[in-house]
Amino acid sequence: TEELLRKSEKLSVVGQLAAGVAHEIRNPLTSIRGFTQFILEGNDKREYFQTILSELDRIQSVVNEFLVLAKPQAVNFTPRSLSPLLHQVVELLQTEAIVNNVQITMELDATAAMVNCEENQLKQVFIHILKNAIEAMSSGGCITIQLQQIEDTLSVSIQDQGEGIDEERIRKLGEPFYTTKEKGTGLGLMISYKIIQAHQGRMKISSQRNMGTTVEISLPVYTPFA
Ligand code: ADP
């Protein structure tokens with residue numbers, strides 16, 4: 001019965017996801033269809049094309065995030081140090097940070113320690129979390145990234161000074177399509193949880209309203225010949 005139970009749980013998650021995807025894609029499709037119809041009828045306003053474009057972008061971002069999930073998880077695990085990876089991710093988001101008046105500080109210890117990982121997937125996780133941190137600070141602020149080794153785990157914590165999350169909402173994090181953002185997909189944290197899980201790691205979010213949020217990811221340190 002346990003196995004059965006587990007299977008039916010899986011089914012309901014898949015069902016929930018499928019329903020969510022259908023919903024996320026149906027809305028922009030309806031709007032694209034409507035505006036195309038307007039244009040066909042001779043109302044060829046330029047703004048209609050703008051709307052169509054942004055609806056297409058929305059579909060694309062939902063599909064892109066799902067592609068990450070669809071990829072097989074355990075193919076390309078290699079031992080890597082996290083410090084260059086974090087530097088690369090910060091580099092990628094630097095422009096976005098500057099535009100939003102956000103300063104990113106790094107305090108990296110244990111730079112020699114490695115984790116067995118699928119590098120691109122971990123990058124994806126840190127990008128999601130840093131973007132969330134930037135988006136949470138509408139009037140700017142600081143993000144601190146800390147890397148440290150605690151016994152046989154490597155811990156990365158990303159702390160922001162943003163709007164924070166209140167207690168009842170914190171339970172919803174990681175549920176597919178839970179978002180409070182106008183242009184959010186609500187997929188970032190769910191995908192991040194899945195990726196960290198596939199790496200035998202843990203992800204913990206703690207937050208206080210108007211004070212900020214800390215996301216802590218811990219991963220097992222790679223030991224050769226283990
Ligand atoms: P999205 O960013 O598309 O909304 P996520 O799954 O990444 O999707 O995040 C879900 C929700 O969690 C966000 O809409 C936001 O309400 C909340 N959240 C995530 N990270 C933070 C953060 N650093 N500060 C405040 N709220 C956050």
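Begin by selecting α4, residues 119–136, in this predicted model: at 1.5 Å a residue its 18 residues should span 26 Å, and because its end C-alpha atoms are 26 Å apart, the expectation and the model agree. An α-helix has 3.6 residues a turn, so residues three or four places apart point the same way.

Next, select the ligand together with the 21 residues that surround it, among which the closest are Asn132, Ala136, Thr179, Gly184 and Gly188. Two elements, α4 and α6, each give two or more residues to this shell, and the largest share, 4 residues, comes from α4. If you colour the shell by residue class, you will find 7 nonpolar, 11 polar and 3 charged residues.

Now move to Lys183, which is found in the loop between α5 (167–170) and α6 (188–198). Is Lys183 buried or exposed? It counts as exposed, because it has 10 C-beta neighbours inside 10 Å, and the cut-off for exposed is 12 or fewer.

Finally, select strand β7, residues 212–220, which runs antiparallel to β5 (residues 153–159) and is joined to that strand by 7 bridges; here Thr153 stands opposite Pro220. Strand β7 also pairs in the antiparallel sense with β6 (residues 202–208), over 7 bridges, and along this pairing Met203 stands opposite Ile217. Between β6 and β7 the hairpin has 3 residues, and there you can pick out Asn210, which takes a positive phi near 65 degrees.

Notes: Residues numbered from 1 in each chain as written. Predicted model: local features only at pLDDT ≥ 70, side-chain atom pairs only at ≥ 80, totals over all residues. Buried ≥ 20, exposed ≤ 12 C-beta atoms within 10 Å, placed from the backbone. Near = placed C-beta within 6 Å. Nonpolar A, V, L, I, M, F, W, Y, C, P; charged D, E, K, R; others polar. Expected span 1.5 Å × (residues − 1). Pairing = 2+ DSSP bridges.
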